[in-house]
Amino acid sequence: MGGTEMKKNAELIFIPSPGIGHLNSSLEFAQVLINRNNHLSITVLCIKFPFTPFSDSYIRSVLAPQPKIKLIDLPQVEPPSQELLKSPEHYIWTFMESLKPHVKATIQNILSSYPNSESHPVVGLVLDFFCLSMVDVGNELGIPSYLFMTSNVAFSALILSLLNRQIEDVFNDSDPDLLIPGFPDPVPPSVLPDAAFNKDGGYAAYYKLAQRFMDTKGFIVNTFSELEQYAIDALSDGQTPPIFAVGPLIDLKGQPNPNLDQAQHDKIV
(Lines give C-alpha, C1' and ligand atoms only; values in the text may rest on other atoms or scores of the structure.)
Protein backbone atom coordinates (compact mmCIF):
# COMPACT_ATOMS: atom_id res chain seq x y z
CA MET A 1 0.00 0.00 0.00
CA GLY A 2 2.75 2.41 -0.98
CA GLY A 3 2.25 6.10 -1.72
CA THR A 4 2.69 5.77 -5.48
CA GLU A 5 -0.06 3.15 -5.62
CA MET A 6 -2.48 5.44 -3.84
CA LYS A 7 -2.12 8.27 -6.41
CA LYS A 8 -4.25 6.16 -8.77
CA ASN A 9 -7.67 4.74 -8.01
CA ALA A 10 -7.18 1.86 -5.62
CA GLU A 11 -9.38 -0.65 -3.85
CA LEU A 12 -8.85 -2.54 -0.62
CA ILE A 13 -10.82 -5.62 0.34
CA PHE A 14 -11.49 -5.96 4.06
CA ILE A 15 -12.34 -9.33 5.60
CA PRO A 16 -13.20 -8.63 9.25
CA SER A 17 -14.09 -11.21 11.85
CA PRO A 18 -17.81 -10.85 12.70
CA GLY A 19 -17.29 -10.47 16.47
CA ILE A 20 -18.36 -7.02 17.66
CA GLY A 21 -14.96 -6.27 19.20
CA HIS A 22 -13.29 -7.01 15.88
CA LEU A 23 -15.85 -5.26 13.69
CA ASN A 24 -15.71 -2.04 15.68
CA SER A 25 -12.08 -1.11 15.06
CA SER A 26 -11.98 -2.70 11.57
CA LEU A 27 -14.83 -0.53 10.33
CA GLU A 28 -13.41 2.55 12.04
CA PHE A 29 -10.12 1.96 10.22
CA ALA A 30 -11.91 1.57 6.89
CA GLN A 31 -13.66 4.90 7.43
CA VAL A 32 -10.43 6.64 8.39
CA LEU A 33 -8.81 5.47 5.16
CA ILE A 34 -11.77 6.56 3.03
CA ASN A 35 -11.91 9.99 4.66
CA ARG A 36 -8.22 10.59 4.05
CA ASN A 37 -7.87 9.42 0.45
CA ASN A 38 -10.13 10.46 -2.41
CA HIS A 39 -8.72 7.79 -4.72
CA LEU A 40 -9.51 4.87 -2.44
CA SER A 41 -12.54 2.60 -2.30
CA ILE A 42 -13.11 -0.31 0.05
CA THR A 43 -15.12 -3.50 -0.22
CA VAL A 44 -16.04 -5.28 3.00
CA LEU A 45 -16.80 -8.99 2.79
CA CYS A 46 -19.47 -9.77 5.38
CA ILE A 47 -19.21 -13.13 7.11
CA LYS A 48 -22.33 -14.92 8.34
CA PHE A 49 -21.20 -16.54 11.60
CA PRO A 50 -23.59 -18.71 13.63
CA PHE A 51 -23.08 -16.89 16.93
CA THR A 52 -23.08 -13.27 15.73
CA PRO A 53 -26.52 -12.65 14.17
CA PHE A 54 -26.20 -8.93 14.91
CA SER A 55 -23.05 -8.41 12.82
CA ASP A 56 -24.82 -7.80 9.50
CA SER A 57 -27.09 -5.04 10.82
CA TYR A 58 -24.19 -3.52 12.77
CA ILE A 59 -21.97 -3.32 9.67
CA ARG A 60 -24.74 -1.74 7.59
CA SER A 61 -25.64 0.83 10.22
CA VAL A 62 -22.03 1.91 10.76
CA LEU A 63 -21.17 2.15 7.06
CA ALA A 64 -24.46 3.59 5.80
CA PRO A 65 -23.01 7.14 5.47
CA GLN A 66 -20.02 5.85 3.44
CA PRO A 67 -20.91 5.40 -0.26
CA LYS A 68 -17.29 4.54 -1.10
CA ILE A 69 -17.42 1.45 1.12
CA LYS A 70 -19.24 -1.42 -0.57
CA LEU A 71 -20.57 -4.46 1.26
CA ILE A 72 -20.70 -7.97 -0.17
CA ASP A 73 -22.35 -10.81 1.74
CA LEU A 74 -20.44 -14.06 1.66
CA PRO A 75 -22.57 -17.21 1.30
CA GLN A 76 -23.59 -19.03 4.43
CA VAL A 77 -21.67 -22.25 4.95
CA GLU A 78 -22.38 -25.32 7.02
CA PRO A 79 -21.05 -24.58 10.51
CA PRO A 80 -18.45 -26.88 12.04
CA SER A 81 -19.43 -29.64 14.43
CA GLN A 82 -20.57 -28.48 17.86
CA GLU A 83 -17.88 -30.79 19.24
CA LEU A 84 -15.29 -28.22 18.14
CA LEU A 85 -16.73 -25.67 20.56
CA LYS A 86 -14.45 -27.15 23.20
CA SER A 87 -12.14 -24.56 21.73
CA PRO A 88 -13.74 -21.41 20.25
CA GLU A 89 -10.48 -20.62 18.46
CA HIS A 90 -10.39 -24.03 16.78
CA TYR A 91 -14.06 -23.69 15.84
CA ILE A 92 -13.44 -20.27 14.23
CA TRP A 93 -10.31 -21.51 12.43
CA THR A 94 -12.25 -24.45 10.96
CA PHE A 95 -15.14 -22.18 9.99
CA MET A 96 -12.82 -19.72 8.20
CA GLU A 97 -11.13 -22.56 6.31
CA SER A 98 -14.52 -23.59 4.93
CA LEU A 99 -15.08 -20.04 3.68
CA LYS A 100 -11.92 -19.86 1.55
CA PRO A 101 -13.47 -21.10 -1.74
CA HIS A 102 -16.31 -18.57 -1.40
CA VAL A 103 -13.91 -15.73 -0.60
CA LYS A 104 -11.84 -16.64 -3.66
CA ALA A 105 -14.88 -16.73 -5.93
CA THR A 106 -16.12 -13.39 -4.57
CA ILE A 107 -12.77 -11.68 -5.10
CA GLN A 108 -12.50 -13.16 -8.59
CA ASN A 109 -15.88 -11.57 -9.36
CA ILE A 110 -14.58 -8.23 -8.10
CA LEU A 111 -11.47 -8.51 -10.28
CA SER A 112 -13.51 -9.49 -13.34
CA SER A 113 -15.61 -6.34 -12.97
CA TYR A 114 -12.63 -4.28 -14.14
CA PRO A 115 -12.14 -4.11 -17.92
CA ASN A 116 -8.37 -4.62 -17.83
CA SER A 117 -7.42 -7.57 -15.68
CA GLU A 118 -3.76 -6.61 -15.80
CA SER A 119 -4.32 -3.23 -14.17
CA HIS A 120 -7.07 -3.89 -11.64
CA PRO A 121 -6.91 -1.44 -8.74
CA VAL A 122 -7.23 -4.03 -5.94
CA VAL A 123 -4.03 -3.35 -4.02
CA GLY A 124 -4.48 -5.47 -0.92
CA LEU A 125 -6.50 -7.68 1.38
CA VAL A 126 -6.90 -6.45 4.96
CA LEU A 127 -7.43 -9.55 7.06
CA ASP A 128 -8.58 -9.85 10.63
CA PHE A 129 -6.47 -12.02 12.93
CA PHE A 130 -8.96 -14.89 12.74
CA CYS A 131 -9.22 -14.57 8.94
CA LEU A 132 -5.53 -15.03 8.22
CA SER A 133 -6.04 -18.29 6.35
CA MET A 134 -7.36 -16.05 3.54
CA VAL A 135 -3.69 -15.23 2.83
CA ASP A 136 -3.84 -18.31 0.60
CA VAL A 137 -6.55 -16.66 -1.48
CA GLY A 138 -4.49 -13.50 -1.85
CA ASN A 139 -1.45 -15.50 -2.91
CA GLU A 140 -3.44 -17.42 -5.51
CA LEU A 141 -4.83 -14.20 -6.99
CA GLY A 142 -1.62 -12.17 -6.73
CA ILE A 143 -2.95 -9.74 -4.11
CA PRO A 144 -0.82 -8.86 -1.06
CA SER A 145 -2.33 -9.45 2.37
CA TYR A 146 -2.06 -7.29 5.47
CA LEU A 147 -2.94 -8.40 8.98
CA PHE A 148 -5.32 -6.09 10.82
CA MET A 149 -4.84 -6.68 14.53
CA THR A 150 -7.68 -5.34 16.66
CA SER A 151 -5.60 -6.11 19.74
CA ASN A 152 -2.15 -4.65 20.42
CA VAL A 153 1.46 -5.21 19.37
CA ALA A 154 2.22 -7.10 22.58
CA PHE A 155 -0.42 -9.71 21.75
CA SER A 156 1.07 -9.96 18.26
CA ALA A 157 4.45 -10.58 19.89
CA LEU A 158 2.96 -13.34 22.04
CA ILE A 159 1.44 -15.07 19.01
CA LEU A 160 4.70 -14.80 17.06
CA SER A 161 6.62 -16.29 19.99
CA LEU A 162 4.69 -19.53 19.47
CA LEU A 163 6.83 -20.15 16.39
CA ASN A 164 9.72 -20.87 18.75
CA ARG A 165 7.71 -23.82 20.11
CA GLN A 166 6.03 -26.85 18.52
CA ILE A 167 2.40 -27.11 17.48
CA GLU A 168 1.75 -29.77 20.13
CA ASP A 169 3.63 -27.86 22.86
CA VAL A 170 0.58 -26.63 24.81
CA PHE A 171 1.31 -24.34 27.77
CA ASN A 172 0.90 -25.47 31.38
CA ASP A 173 0.30 -23.41 34.50
CA SER A 174 3.46 -24.94 35.96
CA ASP A 175 5.66 -23.58 33.15
CA PRO A 176 8.34 -21.07 34.22
CA ASP A 177 7.86 -17.41 33.39
CA LEU A 178 8.27 -16.74 29.69
CA LEU A 179 10.78 -14.49 27.97
CA ILE A 180 8.83 -13.01 25.06
CA PRO A 181 10.31 -10.39 22.69
CA GLY A 182 8.17 -7.30 23.05
CA PHE A 183 7.62 -7.72 26.80
CA PRO A 184 10.14 -5.94 29.07
CA ASP A 185 9.62 -8.43 31.92
CA PRO A 186 9.15 -12.21 32.15
CA VAL A 187 5.53 -13.21 31.53
CA PRO A 188 3.87 -15.62 33.98
CA PRO A 189 1.84 -18.34 32.23
CA SER A 190 -1.18 -17.50 34.39
CA VAL A 191 -1.84 -14.33 32.35
CA LEU A 192 -1.91 -16.08 28.96
CA PRO A 193 -5.22 -16.43 27.09
CA ASP A 194 -7.18 -19.64 27.67
CA ALA A 195 -6.41 -20.93 24.18
CA ALA A 196 -2.72 -21.22 25.10
CA PHE A 197 -3.65 -24.10 27.45
CA ASN A 198 -6.30 -25.70 25.26
CA LYS A 199 -5.52 -29.23 24.07
CA ASP A 200 -8.68 -29.47 21.95
CA GLY A 201 -7.31 -27.38 19.11
CA GLY A 202 -7.14 -23.94 20.70
CA TYR A 203 -3.38 -23.81 21.03
CA ALA A 204 -2.95 -25.40 17.58
CA ALA A 205 -5.24 -22.74 16.08
CA TYR A 206 -3.09 -19.98 17.57
CA TYR A 207 0.03 -21.72 16.26
CA LYS A 208 -1.38 -21.95 12.73
CA LEU A 209 -2.36 -18.28 12.86
CA ALA A 210 1.16 -17.41 13.98
CA GLN A 211 2.53 -19.16 10.92
CA ARG A 212 0.39 -16.98 8.67
CA PHE A 213 1.66 -13.76 10.30
CA MET A 214 4.89 -14.12 8.38
CA ASP A 215 3.05 -14.51 5.07
CA THR A 216 1.62 -10.99 5.24
CA LYS A 217 3.16 -7.75 3.99
CA GLY A 218 2.63 -5.94 7.27
CA PHE A 219 0.78 -5.73 10.58
CA ILE A 220 -1.79 -2.95 10.91
CA VAL A 221 -2.38 -2.63 14.64
CA ASN A 222 -4.95 -0.71 16.67
CA THR A 223 -2.34 0.94 18.89
CA PHE A 224 -0.02 3.95 18.92
CA SER A 225 3.72 4.23 19.29
CA GLU A 226 3.64 6.25 22.52
CA LEU A 227 1.86 3.34 24.18
CA GLU A 228 3.83 0.39 22.78
CA GLN A 229 7.17 1.67 21.54
CA TYR A 230 9.06 -1.10 23.35
CA ALA A 231 7.03 -3.84 21.66
CA ILE A 232 7.19 -2.13 18.26
CA ASP A 233 10.98 -1.80 18.50
CA ALA A 234 11.33 -5.44 19.54
CA LEU A 235 9.46 -6.65 16.45
CA SER A 236 11.21 -4.22 14.09
CA ASP A 237 13.99 -6.73 13.54
CA GLY A 238 14.12 -6.80 9.75
CA GLN A 239 12.59 -10.29 9.65
CA THR A 240 9.09 -9.59 10.95
CA PRO A 241 6.74 -7.77 8.55
CA PRO A 242 6.58 -4.02 9.24
CA ILE A 243 4.20 -2.70 11.88
CA PHE A 244 1.79 0.14 11.13
CA ALA A 245 0.38 1.65 14.35
CA VAL A 246 -2.93 3.21 13.31
CA GLY A 247 -4.75 3.62 16.63
CA PRO A 248 -6.45 4.39 18.75
CA LEU A 249 -9.46 3.43 16.63
CA ILE A 250 -12.53 4.12 18.75
CA ASP A 251 -16.21 4.24 17.90
CA LEU A 252 -17.00 7.61 19.43
CA LYS A 253 -20.66 7.27 18.52
CA GLY A 254 -20.87 4.57 21.14
CA GLN A 255 -22.78 1.85 19.30
CA PRO A 256 -24.39 -0.18 22.11
CA ASN A 257 -23.46 -3.80 22.67
CA PRO A 258 -26.23 -5.75 20.90
CA ASN A 259 -26.25 -8.26 23.76
CA LEU A 260 -27.39 -5.58 26.23
CA ASP A 261 -30.94 -4.36 26.53
CA GLN A 262 -31.46 -0.60 26.77
CA ALA A 263 -31.79 -0.62 30.56
CA GLN A 264 -28.44 -2.37 30.97
CA HIS A 265 -26.84 -0.02 28.46
CA ASP A 266 -28.14 3.08 30.24
CA LYS A 267 -26.97 1.74 33.61
CA ILE A 268 -23.43 1.20 32.33
CA VAL A 269 -23.26 4.57 30.60
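What share of the 269 residues in the protein is buried? Buried residues, meaning those under 20% relative accessible area with a 1.4 Å probe and protein chains only, make up 48%.

The model is predicted, so local features need pLDDT of at least 70 and side-chain atom pairs count only at pLDDT 80 or more, while totals for chains, interfaces and linings use all residues. Residues are numbered from 1 along each chain as its sequence is written, and side-chain values use heavy atoms, with hydrogens and water left out.

**Overall make-up**

The protein has 8 helices and 7 strands; these are DSSP runs numbered from the N terminus, with helices (H or I) of at least four residues and strands (E) of at least two. Among contacts (heavy atoms within 4.5 Å) with a separation of 6 or more, 73% join residues 24 or more positions apart.

**Nonpolar cores**

A nonpolar core is a set of buried Ala, Val, Leu, Ile, Met, Phe, Trp, Tyr and Cys residues joined through side-chain atoms within 4.5 Å. The largest one holds 59 residues, and those touching the most other members are Ile15, Leu99, Val103, Ile107, Phe129, Met134 and Phe213. Helix H3 (residues 88-112) gives the largest share of this core, 10 residues. Apart from neighbours within four places in sequence, valine 103 contacts Ile15, Leu45, Leu74, Met134 and Val137. A second, separate core has 23 residues, including Phe14, Val123, Ile220 and Leu249.

**Two helix pairs**

Two packed helices are described by the angle between their axes and the distance between the axes. Axes are lines fitted to C-alpha atoms, for helices over the stretch in contact, and angles run from 0 to 180 degrees between N-to-C directions.

| Helix pair | Angle | Axis distance |
|---|---|---|
| H1 (residues 20-36) and H2 (residues 55-63) | about 25° | 11 Å |
| H5 (residues 153-161) and H6 (residues 202-213) | roughly 105° | within 8 Å |

H1 and H2 are therefore roughly parallel to each other, a term for angles under 35 degrees. On the H1 side the contact is made by Ile20, Leu23, Asn24, Leu27 and Gln31, and on the H2 side by Ser55, Tyr58, Ile59, Val62 and Leu63. By class, this contact has 7 nonpolar, 3 polar and no charged residues; Ala, Val, Leu, Ile, Met, Phe, Trp, Tyr, Cys and Pro count as nonpolar, Asp, Glu, Lys and Arg as charged, and the others, Gly among them, as polar.

H5 and H6 are therefore roughly perpendicular to each other, the term for 65 to 115 degrees. Here Phe155, Ser156, Ile159 and Leu160 of H5 meet Tyr206, Ala210 and Phe213 of H6. The contact of H5 with H6 has 6 nonpolar, 1 polar and no charged residues.

How values were computed. Buried < 20%, exposed > 50% of the residue type's maximum accessible area, 1.4 Å probe, protein only. Parallel < 35°, antiparallel > 145°, perpendicular 65-115°, else oblique.
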